[in-house]
Structure formats: structure tokens, C-alpha cells
Amino acid sequence: MGMADNLKQVGFTDWLGNALSQFMHSTLGGFGTMSMLLVVMGLYLFTSYAFASGTAKVVALAPAITGALLAVGVPKEMAIFSIAAITNVGCNLATYSHARIPLLLGMGYHTSGEWMRIGLVIALAGFAVVMAIGLLWWPLLI
């Protein structure tokens with residue numbers, strides 16, 4: 001949490017948001033808004049490898065990701081719902097990203113290597129399910 005807060009204070013979050021927004025406009029400009037949302041959430045999913053907790057990831061990246069999504073026309077509620085959902089799905093990726101995984105490893109259910117493979121499958125399947133259902137359901141909540 002401390003590192004995430006420091007990244008925000010030194011301007012990393014603003015820099016990342018601006019860079020992401022520029023990337024989205026220049027590279028993904030021909031995509032529709034929801035296609036851009038899916039691409040950004042796919043990238044956001046894999047940032048879980050860089051953070052030891054979902055909370056730290058949200059503190060460091062959510063403002064930048066939200067700003068970039070809003071800049072390309074994604075409704076703010078849709079951006080927030082997507083970030084919340086993908087943060088939870090991403091907690092399956094690495095052996096250090098959620099409290100349940102050390103318990104599974106410590107009890108001998110999986111090795112670290114096995115979990116990295118299992119976590120990738122769970123995260124990709126979870127991404128597909130959450131975003132497919134979310135893109136249909138979330139507009140009804142807005």
C-alpha cells in the first residue's frame with residue numbers, strides 16, 4: 001500500500017493514465033468503446049503479477065485506468081464495475097496475490113508452478129465470464 005501511495009504521489013498514476021489514454025487513441029482509435037474496455041481490462045488483469053495485493057493494485061492503477069477509460073467514452077459506472085471485477089479475477093494469477101493461495105500451497109494442494117498454471121486458466125476463464133456477463137448486465141444498473 002505504501003509503494004502504491006508513493007507511486008501516486010510522484011505522479012506515476014497520472015503519467016500512466018495519460019500514456020494509456022494516448023495509446024488507446026492512437027492504436028485502438030478504430031475500436032469501439034466496449035472493445036477498448038475489453039483490451040484495457042485484459043492488460044489490467046495481467047498487472048496482477050506486479051502487485052502483492054489487489055488493494056495495492058487498485059490504489060496504484062485504478063485512477064489512471066478509470067481516467068483513460070472515461071477519456072474514450074466508457075461510462076464511469078462501467079469502468080468502475082470492470083475494474084472491481086477484474087481486480088478480483090486477477091487475484092488468481094500469482095502465488096502471492098491473494099491470501100487463500102499460500103494456504104493452498106502450505107497445505108500441499110499445489111506447488112507454486114502448478115498454481116501459476118491453474119491461476120492462469122482460472123483468470124482467463126473468469127475474465128471471459130465476468131466481462132461477457134458484465135457487459136450485458138452492468139448497463140441495466142447504470
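## The largest pocket

Sorted by class, the residues around the largest pocket are 11 nonpolar, 1 polar and no charged ones. (Ala, Val, Leu, Ile, Met, Phe, Trp, Tyr, Cys and Pro count as nonpolar, Asp, Glu, Lys and Arg as charged, and the others, Gly among them, as polar.) Keep in mind that this is a predicted model, where local features need pLDDT of at least 70, side-chain atom pairs count only at pLDDT 80 or more, and totals for chains, interfaces and linings use all residues. Residues are numbered from 1 along each chain as its sequence is written, and side-chain values use heavy atoms, with hydrogens and water left out.

So who's in the lining? From helix H2 (12-27), H3 and H4 you get at least two residues each, and H2 gives the most, with 4 residues. Helices here are DSSP runs of H or I with at least four residues, numbered from the N terminus. The lining residues are Phe12, Leu16, Ala19, Leu20, Val40, Leu43, Tyr44, Thr47, Ala50, Phe51, Leu61 and Ile65. The space inside the largest pocket comes to about 180 Å³.

## Pocket or cavity?

Both are found on a 1 Å grid over the protein atoms alone: a cavity is a set of points where a 1.4 Å probe fits but cannot get out, while a pocket is an open set with protein on both sides within 12 Å along at least five of seven lines. Lining residues have an atom within 4 Å of a point. Grid points are joined across faces, edges and corners, and a volume is the space filled by probe spheres set on the points.

How many cavities of 30 Å³ or more does a search of the whole structure find? It turns up 1, and the largest cavity has a volume of about 40 Å³. Its lining is made of Ser48, Phe51, Ser53, Gly54, Lys57, Thr87, Gly90, Cys91 and Ser97. Helix H4 (54-71) and helix H5 (76-90) are the elements that give two or more residues to this lining. By class, the cavity lining has 2 nonpolar, 6 polar and 1 charged residues.

Phe46, Tyr49, Tyr96, Met116, Leu120 and Leu124 make a nonpolar surface patch of about 480 Å². A patch like this uses residues with over 30% relative accessible area and no salt bridge, with nonpolar side chains (Val, Leu, Ile, Met, Phe, Trp, Tyr) joined within 5 Å. A salt bridge is a side-chain nitrogen of Lys or Arg within 4 Å of a carboxyl oxygen of Asp or Glu. Accessible areas come from the Shrake-Rupley method with a 1.4 Å probe.

Helix H7 (residues 112-141) brings the largest share of the patch, 3 residues. Phe46 belongs to helix H3 (residues 33-46), and it counts as partly exposed because its relative accessibility is 36%. (Buried means under 20% relative accessible area, exposed over 50%, partly exposed in between, using a 1.4 Å probe and protein chains only.)

Start with Met36 in helix H3. Is Met36 buried or exposed? Met36 counts as buried, because its relative accessibility is 6%. Over in helix H7 sits Gly119, which is buried at 0% relative accessibility. Gly119 and Leu38 are 81 residues apart along the chain, with 20 Å between their C-alpha atoms.

Helix H4 holds both Thr66 and Gly67. Thr66 is buried at 18%, whereas Gly67 is partly exposed at 35% relative accessibility. From C-alpha to C-alpha, Gly67 and Ser21 are 7.9 Å apart in space, with 46 residues separating them in sequence.

Methods:
Patches are made of residues with over 30% relative accessible area and no salt bridge: like charges are joined within 9 Å, nonpolar side chains (Val, Leu, Ile, Met, Phe, Trp, Tyr) within 5 Å.
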